[in-house]
Amino acid sequence: MVLLHVKRGDESQFLLQAPGSTELEELTVQVARVYNGRLKVQRLCSEMEELAEHGIFLPPNMQGLTDDQIEELKLKDEWGEKCVPSGGAVFKKDDIGRRNGQETSGSRCLCYHGDGERCLGPASRRGDDCLPHGVATV
């Protein structure tokens, strides 16, 4: 059994345990699957936090426009009126202009924050757990 310590630059990513007889090509595929899976989960968790903080996306024709431009073009966010958070919403403007600014209020918002590391489980950067051989196979 060998223990692979996968790093990107000097930053530790995860540990992977594999038999010494495993082909290098198979290990490369497994490391790529785990790493790409981690990136997908991190992006998903980041978007959940953005959803909680700034609400849903604006329609593509409204993204990046100022409030004056939206008013001048007489654009309307129909989904923003239908998709109001169940616990209520507080307005928190999105600086980038991609989201409608309806922040989720109350304790429901707390469940979106900080779940990224928990979602990753043993593939997190903590480094105290390792992934067993074959975990990345589909």
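Colleague: What volume does the largest pocket have?

Modeller: About 370 Å³. A pocket here is an open set of points on a 1 Å grid where a 1.4 Å probe fits, with protein on both sides within 12 Å along at least five of seven lines. The volume is the space filled by probe spheres set on the points.

Colleague: How does the lining divide into nonpolar, polar and charged?

Modeller: 7 nonpolar, 7 polar and 7 charged. Asp, Glu, Lys and Arg count as charged, and Gly as polar.

Colleague: What is the basis of these values?

Modeller: This is a predicted model; local features need pLDDT of at least 70, and side-chain atom pairs pLDDT 80 or more, while totals for linings use all residues. Residues are numbered from 1 along each chain, and side-chain values use heavy atoms, without hydrogens and water.

Colleague: Which ring does the charged end of Arg 99 sit over?

Modeller: Phe 57, at 4.2 Å from the ring centre. The cut-offs are CZ of Arg or NZ of Lys within 6 Å of the centre and within 35 degrees of the ring normal. Lys 82 lies over the face of Trp 79, at 5.0 Å.

Colleague: Switching to Leu 73: buried or exposed?

Modeller: Exposed, at 52% relative accessible area; the cut-off is over 50%, with a 1.4 Å probe. Leu 73 is in helix H2.

Notes:
1 Å grid on protein atoms, 1.4 Å probe; cavity = no way out; pocket = protein on both sides within 12 Å on 5 of 7 lines; lining within 4 Å. Helix = DSSP H or I, 4+ residues; strand = E, 2+ residues; numbered from the N terminus. Buried < 20%, exposed > 50% of the residue type's maximum accessible area, 1.4 Å probe, protein only.
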